[in-house]
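Let's take a friendly walk through some charged pairs and a nonpolar patch. Have the structure open as you read.

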Amino acid sequence: MPLNDDQSSDSDSSRFSESTASSSDSEYSRQSFNSDSSSKPNSPASSPPKVVTFDELMAAARNLTNLTLAHEIAVNANFCIKHQDPPQNSFAGTVKQILHKAFWDCLESELNEDPPEYEHAIKLFGEIKEILLSFLTPGANRIQNQICEVLDTDLIRQQAEHNAVDIHGLANYIINTMGKLCAPVRDNDIKQLKATDNIVELLRQIFRVLDLMKMDMANYTIQNLRPYLRRNLVDYERTKFQEILEETPSALDLTTEWIKESIEDELSCISDESSSSPGADSSSKPNLSPTLVLNNGYLKLLQWDYHKTIPETLITDEVRLQELREKLNQLKIIACVCLITNNTVGAAIVNVPEFADQLKRISFPLLEGMNKKTFDLKEALNAISLQICSHVNMSLSERGFPTLNTEVQDNLMGQIASIVEENNPVSSLIDKRIQLFMKSLLALPSSQKCMPAVPGGLSVIQTEMEFFGSQYANIVNFNKQVYGPFYANILRKLLFSEAPREKAETEAPAN
């Protein structure tokens with residue numbers, strides 16, 4: 001089922017998530033994690049270990065499919081079904097073409113016999129009748145009775161036995177009925193059907209247009225369903241995931257491992273800070289905030305290797321998270337390029353009006369498709385540096401300054417090319433400041449609309465970072481709403497268990 005997923009869907013998703021985001025993060029307080037989950041109506045019930053049967057596994061798969069589809073319909077206003085045929089030069093396209101041609105050739109030869117053989121045509125009329133009836137709304141009794149009467153296959157078969165079938169008359173009735181039931185976008189298709197004389201080609205085109213009408217009906221249903229899903233999505237997703245968890249108790253293994261890694265990262269940071277502070281008490285037990293642990297886990301998704309399976313609770317947003325990660329990588333490189341250019345060229349060019357925007361206009365097109373395996377980042381950076389040198393020289397000439405000499409140009413191009421190197425100082429600096437901005441953003445209450453201050457070095461991409469941050473925060477806040485009770489149970493076990501942490505880590509399910 002191909003999706004129509006335009007860029008505007010991100011802003012639509014953002015607006016929806018804002019409207020459903022919780023106004024308080026109190027569910028992640030220490031009290032909630034220490035309390036008994038059984039006292040909460042929305043807390044997920046734990047499932048005892050059991051052997052999962054094939055039927056239970058298939059039921060869990062259906063629940064996951066329904067959950068994912070409902071989530072996509074609700075958060076993506078551009079989600080719709082699109083008609084898509086396999087490429088003609090592909091194996092599937094070739095097989096489909098051969099089979100269809102054989103079928104319609106056989107039908108044509110039967111109708112050209114003397115007397116004509118109508119059995120296959122009658123079956124087609126029966127299929128068309130069922131499709132037309134599927135388009136009717138409850139209460140459309142008059143047209144329903146008319147369709148059943150005109151396209152009565154038993155009556156048509158009796159007429160065929162006496163060679164009295166008005167096949168063109170039946171086709172014209174079908175076309176007129178389709179014209180009454182179709183969406184306005186199909187009016188031209190209906191006109192083309194009326195202009196077709198060959199009966200076999202006409203039947204073939206009728207089925208083509210009926211397929212399009214079925215797609216239109218599905219999209220109309222999706223459109224009507226969307227407001228209801230948006231109002232009830234949190235409860236629906238939580239209930240469906242609870243059903244999945246009951247059918248497959250291991251459905252939170254990856255999520256548990258993700259949270260454990262976040263805890264280990266936080267403990268490592270505390271340990272590093274303690275070792276660097278002579279007066280710190282290294283023997284005291286670290287007191288980790290559940291909210292901080294969870295936010296750190298969300299930040300890890302910005303650098304997630306999406307060849308690896310994502311935590312189960314984030315599967316519904318995997319595509320959006322992957323797209324945002326790729327967008328962030330693009331913004332990071334642009335910030336690095338602008339910082340290097342500004343530091344290398346100096347004040348003579350930095351103060352040129354819209355210079356930063358011009359650098360972005362140069363860089364963005366050349367960094368499109370960074371997620372593709374065939375994308376050569378080094379080649380793209382080389383092309384960016386060449387265009388920047390040319391643009392800088394032109395701007396300097398226009399302002400009456402000498403152009404960059406060969407040594408400065410080589411230095412500028414070399415620094416831009418080195419961005420891809422591991423532990424590059426400029427890249428590391430920009431990355432830390434992006435992480436700082438995102439960490440500050442996720443720490444804000446979900447009801448707060450303002451953005452945190454953008455750290456130095458990111459001002460050139462401030463607008464893009466604020467838009468990116470808004471999209472990411474909306475996904476995170478909605479995810480917390482849906483899966484907060486599940487996270488609470490996991491964090492309670494990992495952070496506040498009376499047993500030693502080492503035992504908890506030993507008993508945690510392996511990934």
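A patch, as the word is used here, is made of residues with over 30% relative accessible area and no salt bridge, and nonpolar side chains are joined into it within 5 Å. Keep in mind that this is a predicted model.

Phe 91, Val 95 and Leu 99 form such a nonpolar patch on the surface, and together they have about 330 Å² of accessible area.

Now for the charges. Side chains of opposite charge can pair when their charged atoms come close. How many salt bridges does a search of the whole structure find? The search finds 13.

One of these is between the side chains of Asp 105 and Lys 101, at 2.9 Å from N to O. Because Asp 105 and Lys 101 are four residues apart in helix 4 (residues 91-111), about one helical turn separates them. Is Asp 105 buried, partly exposed or exposed? Asp 105 counts as partly exposed because its relative accessibility is 36%. Lys 101 has 48% relative accessibility, so Lys 101 also counts as partly exposed.

## A charged pair in helix 7

Another salt bridge joins Asp 154 and Arg 157, with the closest N and O atoms 3.8 Å apart. Both residues lie in helix 7 (residues 153-161), and they are three residues apart, about one turn of the helix.

How accessible are the two partners? Asp 154 is partly exposed, since its relative accessibility is 49%. For Arg 157 the value is 29%, so Arg 157 is partly exposed too.

## A buried pair and its network

The side chains of Asp 189 and Arg 186 also meet in a salt bridge, with 3.9 Å between N and O; the cut-off for such a contact is 4 Å.

Are these two partners buried or exposed? The dividing line for buried is under 20% relative accessible area. Asp 189 has 13% relative accessibility, so Asp 189 counts as buried. Arg 186 is buried as well, because its relative accessible area is 12%.

Notes: Residues are numbered from 1 along each chain as its sequence is written. This is a predicted model: local features need pLDDT of at least 70, side-chain atom pairs count only at pLDDT 80 or more; totals for chains, interfaces and linings use all residues. Side-chain values use heavy atoms; hydrogens and water are left out. Helices (H or I, at least four residues) and strands (E, at least two) are DSSP runs, numbered from the N terminus. Buried means under 20% relative accessible area, exposed over 50%, partly exposed in between (1.4 Å probe, protein chains only). Patches are made of residues with over 30% relative accessible area and no salt bridge: like charges are joined within 9 Å, nonpolar side chains (Val, Leu, Ile, Met, Phe, Trp, Tyr) within 5 Å. Accessible areas come from the Shrake-Rupley method with a 1.4 Å probe; for residues, only the protein chains shown count as cover.
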